[in-house]
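Here is a short tour of a structure, taken one local feature at a time. Please keep the view open and follow the residues as they come up.

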Amino acid sequence: MIDKAKLSKIKFDKNGLVPVITTCAYTNKPLMLAYANKDALNKTLSSGFAHYFSRSKNKLWKKGETSGNVQKIVSVSLDCDGDTLLYRVRQTGPACHTGTPTCFSEDIAVMEQVPNSSIIQKNIDTIKNRAKSKVEGSYTNYLLDKGVEKICKKVGEEASESIIAAIKGDKKELANELADLTYHMLVLCQSAKIEYSDVLAVLESRDKA
């Protein structure tokens with residue numbers, strides 16, 4: 001659904017451009033910064049795929065038109081000042097032309113390491129890649145080859161070990177066991193041919209906060 005009233009609030013600069021911050025819809029991780037003019041934005045909204053305006057080439061371009069690393073639009077948002085757009089996308093392949101997942105891969109300063117949910121998506125991507133191309137000695141390939149019954153058995157084992165760690169009050173062991181449980185759950189999703197986003201959708205539907 002497109003809110004035409006909010007579209008009219010976009011403040012394009014003197015060159016007819018507005019900056020676009022693009023993030024991964026699954027992790028909210030920033031992927032890239034680009035620009036759009038009215039034509040690029042209209043093309044984005046009508047096609048459902050991210051389009052931008054290249055300032056260097058002076059033309060409209062679709063992300064992934066040559067590489068195949070397209071960006072399926074999940075939502076387009078406008079900031080409070082009306083002068084910046086946010087694209088939330090389903091990214092196919094790496095977002096950066098250098099082959100990295102994000103254009104923001106050069107850390108200037110790291111004050112603190114804070115684990116976040118992006119590691120879930122990284123695990124999902126690795127599991128999907130193993131399913132497509134086997135790697136010798138890969139435990140993921142071993143599980144996928146054994147099939148759903150073996151994977152379910154491992155999920156049960158890790159759930160039991162998580163319960164034992166929790167009852168013992170061993171926080172470090174519990175964190176390790178829950179990590180194992182999460183990994184095997186992701187492998188089960190791959191084996192059962194469901195997306196982890198399907199699980200998240202159910203959790204979202206149950207959120208009563």
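## His51 and its surroundings

The side chain of His51 reaches the backbone oxygen of Phe49 at 2.8 Å, a polar contact (a pair of N or O atoms within 3.5 Å; within protein, one must be able to donate a hydrogen and the other to accept it, and residues adjacent in sequence count only if both atoms are side-chain atoms). His51 belongs to strand 3, residues 51–54. Helices (H or I, at least four residues) and strands (E, at least two) are DSSP runs, numbered from the N terminus. With a relative accessibility of 5%, His51 counts as buried; buried means under 20% relative accessible area, exposed over 50%, and partly exposed in between, using a 1.4 Å probe and protein chains only.

Which residues are in contact with His51, leaving aside its neighbours within four places in sequence? They are Ala36, Ala40, Lys43, Thr44, Leu60, Trp61, Lys62 and Tyr87, where contact means heavy atoms within 4.5 Å.

## About the model

This is a predicted model, in which local features need pLDDT of at least 70 and side-chain atom pairs count only at pLDDT 80 or more, while totals for chains, interfaces and linings use all residues. Residues are numbered from 1 along each chain as its sequence is written, and side-chain values use heavy atoms, with hydrogens and water left out.

## Gln71 in strand 5

Gln71 sits in strand 5, which covers residues 71–78. Is Gln71 buried or exposed? Its relative accessibility is 0%, so Gln71 counts as buried.

The side chain of Gln71 is joined to that of Gln91 by a polar contact of 2.9 Å. Not counting residues up to four places away in sequence, Gln71 touches a set of residues that includes Thr22, Met32, Phe49, Tyr52, Lys63, Val89 and Arg90. Gln91 is also one of the residues that Gln71 touches.

## Helix 3 against helix 4

Two packed helices are described by the angle between their axes and the distance between the axes. For helix 3 (residues 118–132) and helix 4 (residues 139–146), the axes come within 9 Å and cross at roughly 60°. Axes here are lines fitted to C-alpha atoms, for helices over the stretch in contact, and angles run from 0 to 180 degrees between N-to-C directions.

Helix 3 passes helix 4 in a right-handed crossing; a crossing is right-handed if the near helix is turned clockwise from the far one by less than a right angle, and left-handed if anticlockwise. Ile127, Arg130 and Ala131 of helix 3 make the contact with Thr140, Asn141 and Leu144 of helix 4. These residues divide into three nonpolar, two polar and one charged. In this grouping Ala, Val, Leu, Ile, Met, Phe, Trp, Tyr, Cys and Pro count as nonpolar, Asp, Glu, Lys and Arg as charged, and the others, Gly among them, as polar.

## Salt bridges

How many salt bridges are there? The count comes to five, taking a salt bridge as a side-chain nitrogen of Lys or Arg within 4 Å of a carboxyl oxygen of Asp or Glu. One of them pairs Lys128 with Glu195, with the closest N and O atoms 3.2 Å apart. Lys128 lies in helix 3 and Glu195 in the loop between helix 6 (171–191) and helix 7 (196–206), so this pair ties together parts that are 67 residues apart in sequence. Lys128 is partly exposed at 25% relative accessibility, and Glu195 is partly exposed at 38%.

Lys154 and Glu158 form another salt bridge, their closest N and O atoms being 3.9 Å apart. Both lie in helix 5 (residues 148–168), four residues apart, or about one turn of the helix, and both are buried. Glu173 bridges to Lys168 with closest N and O atoms 2.9 Å apart; Glu173 is partly exposed at 23% relative accessibility, whereas Lys168 is exposed at 53%. Salt bridges with shared partners also join Lys154, Glu157 and Glu158 into one network.

## Positive phi in two loops

Most residues other than glycine have a negative phi. Asn28 has a positive phi, near 65°, and lies in the loop between strand 1 (18–24) and strand 2 (30–36). Asn28 is exposed, with a relative accessible area of 51%.

Phi of Lys193 is likewise positive, near 65°. Lys193 lies in the loop between helix 6 and helix 7 and is exposed, with a relative accessible area of 67%.
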